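Subject: Structure for you to look through

Dear colleague,

Here is the structure that I promised to pass on to you. Please open it beside this message, and then read on for what was found in it.

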Amino acid sequence: MRGNSKIWRRIASSVAAICVCAGIGGSAVAQDDAGFQTYLGTLRGQAEAKGVSRATLDAVLPTLTLNQRVIELDRQQPGGTSIAAIPNFAPYKARHLSSALISRGQSTYVSERSRLQRIEQQTGVPESIMVAIWGHETSYGRVMGGFDLPRALATLAYEGRRRDLFADEFIATLQMMDRGVPRSQLVGSWAGATGGPQFLPSVYLRLARDGDGDGRADIWTSSADTLASIGNYFSNAGWRPGQPWGFAVSVPGSFDRGQIVNRLVSPRCPRVFQRHSGWKTMAEWRALGIVPQARGWPADTVLATLIEPDGPGQTAYLLTGNYRVILDYNCSNFYALSVGLLADAVER
């Protein structure tokens, strides 16, 4: 080895150069930090243009540093154009619809019943749906994330993969502070979701509600405000009172799926909606031999679409327009199915 020392020194130099170019070396991190501090000046100008107070800007911006962990987490998210095979729903259901989550949901449903009834009367959104969202998002307020929102959102805006989105959410966070939300409460997920409902800051500004009459929309420590805000979100998204979200059904073995193909392409979350059939009335589904597993049929005129998340021969679901309201909250079939099933379980 000693006879090849010059070669090894060249290799070592090349590796070091590659590390620096890839952002692995300390100097690259320092450059990122310097670039971030410069970018904060851009964010300041944008925030001022949207009316954020100088006092809030002066209180927040000098405290911010780049959060490399947030960048790592963002870069781990799915991207690109590759299409992976869609797994079955059953394993997800087993993980996300645990007996503990159901039990805590049933207890929450009972303890919050008086305010839940009031919110349902005001919004038309079922009590159980509000509880199920709260349970899936934060385990009924137990797990709400520990990332400082201004720092995380400024970091994501600087990173640039979705700059406009995160710059706007950063500014919305500052506007929350101008409305009186203390900086200490502005913590949440690495991607900026906060509070019991895990609202993005812009959603908080539009839809968070005061449910206990104290003049504040405190979605961090007030269960009344959390539930009222979830109810308001669903009402705003178009929830139709009196209709179920969907229900489990059995599909006959001889069923011809060619007659229910969905030929529409959704502009939003196309892969999610691609798994749904075309729309038919309940009367039409009944005529095709579809059989509810644990409940009766809604009104014959209610429209629904069919999904078979574990493939033919397994439990399928008829989904109404209210299921799409759940998808508006989180555009994932597995998430929306789990919310609906948890809602059914907590009110039994």
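Of the 348 residues of the protein, 45% count as buried, where buried means under 20% relative accessible area, exposed means over 50%, and partly exposed lies in between (1.4 Å probe, protein chains only). Please keep in mind that this is a predicted model, in which local features need pLDDT of at least 70 and side-chain atom pairs count only at pLDDT 80 or more, while totals for chains, interfaces and linings use all residues. Residues are numbered from 1 along each chain as its sequence is written, and side-chain values use heavy atoms, with hydrogens and water left out.

The protein has 16 helices and 7 strands; these are DSSP runs numbered from the N terminus, with helices (H or I) of at least four residues and strands (E) of at least two.

Turning to the interior, a nonpolar core is a set of buried Ala, Val, Leu, Ile, Met, Phe, Trp, Tyr and Cys residues joined through side-chain atoms within 4.5 Å. The largest such core holds 85 residues, of which Phe170, Tyr204, Phe234, Trp245 and Ile326 touch the most other members, and α16 gives the most to this core, with 10 residues. A second, separate core has 13 residues, including Val249, Phe255, Val302 and Leu318. If neighbours within four places in sequence are left aside, Phe170 is in contact (heavy atoms within 4.5 Å) with Leu43, Leu61, Leu64, Pro150, Leu153 and Ala154.

There is 1 disulfide by the rule used here, which asks for a pair of cysteine sulfur atoms within 2.5 Å. This bond joins Cys269 to Cys331, with an S to S distance of 2.2 Å. Because Cys269 lies in the loop between β3 (246-250) and α13 (270-274), and Cys331 in the loop between α15 (321-329) and α16 (333-346), the pair ties together parts that are 62 residues apart in sequence. Cys269 is partly exposed, with a relative accessible area of 23%.

Lastly, consider the charges that sit over rings, a term that requires NZ of Lys or CZ of Arg to be within 6 Å of the ring centre and within 35 degrees of the ring normal. The charged end of Arg163 sits over the ring of Tyr39, 4.7 Å from its centre, and the charged end of Arg286 sits over the ring of Trp297, 5.6 Å from its centre.

With best wishes
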